[in-house]
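The entries follow the order in which I went through them.

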Amino acid sequence: MKKILLYEGKRILLPLLIFTVLGAALFVIVALNSNFVTGFGYGPTGEPIGREPTNTLVALPGCILGVLCFIVPALQFSYRMNRRSADLWYSLPVRREALTLVRALGGLVLVLVPYTATFWAGFAAIAASENLFELGQYGVLYAASLPVGIGLFGINAFLYTRANSILDGIIFMLAWTFVLMLPFFWLQACGSNRMFEMGAFNWTGPTSYSTISPLGWLLDRFDALICGNSYTMPEEPLIYALGGVLAVGAWAGLFATARLHRAEQIGTPSGDWFGYRTLIPACMTFAVAIGVADMYEFDAVSMLLTYTFTLILGLVAYFVYRRSFRIKLADILCIAAALLVGTGLGFLGSQVLEPFFDSFRIPTTIA
């Protein structure tokens with residue numbers, strides 16, 4: 001185990017240096033060319049007038065962390081997508097779980113070390129510049145971002161390793177980033193926003209429900225706190241809880257399924273349940289459901305366009321999945337089921353949920 005860890009350290013040294021230098025240089029350059037105070041002028045006693053903190057730049061290291069959490073899993077687990085590499089690694093007297101642990105640890109190093117160097121190099125440049133920030137909040141942000149980054153890396157590593165090819169792995173990571181939002185887009189099409197018009201619960205919308213949402217919300221929170229502003233979002237605990245559950249499940253699944261991968265699977269269609277088998281029917285179902293629920297009244301032309309567009313995209317997706325224009329009977333049944341269930345959800349939304357949500361609309365009176 002010690003030898004394989006040392007080899008892994010040598011193997012990732014070059015990309016580690018590249019990521020670290022590029023990230024730190026980018027943040028420092030941006031920080032040194034940014035203004036962190038808005039407004040100007042002083043009163044008769046020297047007090048600042050109209051001067052406020054602005055431009056915390058927390059989004060820059062946050063984006064670097066997020067991008068690394070997508071790039072590094074592909075780098076670390078791409079050996080599973082090459083038959084020669086897989087045969088080589090699987091022939092070693094190392095258990096699959098141990099090999100997965102070594103690659104995961106190497107991946108975390110490739111993510112967290114460049115992120116740490118980038119974050120603190122940029123912070124030093126900000127601290128040396130004129131600013132009105134609560135600088136201590138940067139340290140709290142860094143500490144809070146580490147578990148979020150570890151969780152996001154685990155989610156993407158799990159999703160990537162569900163694939164049998166590099167392209168499929170990339171598609172799985174990107175697709176699951178957005179597919180979790182689909183049920184909430186359907187609720188939005190049903191008029192669910194009206195439940196929150198009175199301000200009892202400030203729903204920010206479907207885009208908050210994604211694998212990258214915890215990181216985005218964390219950056220928004222500390223962007224406000226660093227500027228000395230208050231930040232209150234009732235949805236925030238739910239977003240973090242959802243992200244935590246996904247991260248724990250993904251990390252557990254990554255190691256629990258390590259032994260199931262076989263070299264003979266490489267290059268074959270990726271039939272995992274976290275891949276096309278679930279993604280395609282789910283996307284087709286909610287595409288129809290959102291289209292039908294969003295209609296103010298029944299429109300045959302709009303229905304036909306919705307079905308045609310969804311069917312074409314579904315067929316193209318299955319062609320990519322099967323790598324052939326010949327799809328299986330099971331695929332045809334999945335397409336039919338997706339259209340049927342999507343229609344049912346659409347009419348449920350327009351005929352049941354929308355009138356229900358309408359009851360929460362704030363009544364208006366005309367004088």
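Before listing any lining, I note the term: a pocket is an open set of grid points with protein on both sides within 12 Å along at least five of seven lines, and its lining residues have an atom within 4 Å of a point. I also keep in mind that this is a predicted model.

**Second largest pocket.** I began with the second largest pocket, which holds about 240 Å³ of space. I found 13 residues in its lining, and those nearest its centre are Arg162, Asn164, Leu260, Gln265 and Asp272. Sorted by class, this lining comes to 7 polar, 3 charged and 3 nonpolar residues.

**Largest pocket.** I then turned to the largest pocket, for which I noted a volume of about 400 Å³. Its lining is made of 16 residues, with Leu279, Ile280, Cys283, Leu313 and Ala317 the closest to the centre. Which helix gives the most to this lining? I found that it is α11, with 7 residues, while α7 (166-179), α11 (276-293) and α12 (300-322) each supply at least two. By class I recorded 14 nonpolar and 2 polar residues in the lining of the largest pocket, and no charged ones.

**Nonpolar cores.** Next I looked up the largest nonpolar core, which has 86 residues, and in which Val111, Ile126, Tyr138 and Phe153 touch the most other members. Helix α5 (residues 96-127) provides the largest share of this core, namely 12 residues. I also noted another core lying apart from it, with 5 residues that include Tyr209, Trp217, Ala224 and Ile239. As background, I wrote down that nonpolar side chains tend to be buried together in soluble globular proteins.

**Helix α8.** Last, I examined helix α8 (residues 182-189), where Leu182, Trp186 and Ala189 are buried. Why do the buried residues of α8 line one face of the helix? Seen down the axis of α8, they fall within an arc of 60 degrees, so one face carries them. The general rule I set beside this is that an α-helix has 3.6 residues a turn, so residues three or four places apart point the same way. The buried residues of α8 pack against α7, α11 and α13 (329-358). Just after α8, I noted that Gly191 takes a positive phi of about 90 degrees.

Methods:
Residues numbered from 1 in each chain as written. Predicted model: local features only at pLDDT ≥ 70, side-chain atom pairs only at ≥ 80, totals over all residues. Heavy atoms only, no water. 1 Å grid on protein atoms, 1.4 Å probe; cavity = no way out; pocket = protein on both sides within 12 Å on 5 of 7 lines; lining within 4 Å. Points joined across faces, edges and corners; volume = space filled by probe spheres on them. Helix = DSSP H or I, 4+ residues; strand = E, 2+ residues; numbered from the N terminus. Nonpolar A, V, L, I, M, F, W, Y, C, P; charged D, E, K, R; others polar. Core = buried A, V, L, I, M, F, W, Y, C linked by side-chain atoms within 4.5 Å. Buried < 20%, exposed > 50% of the residue type's maximum accessible area, 1.4 Å probe, protein only. Arc of directions from axis to C-beta. Contact = heavy atoms within 4.5 Å.
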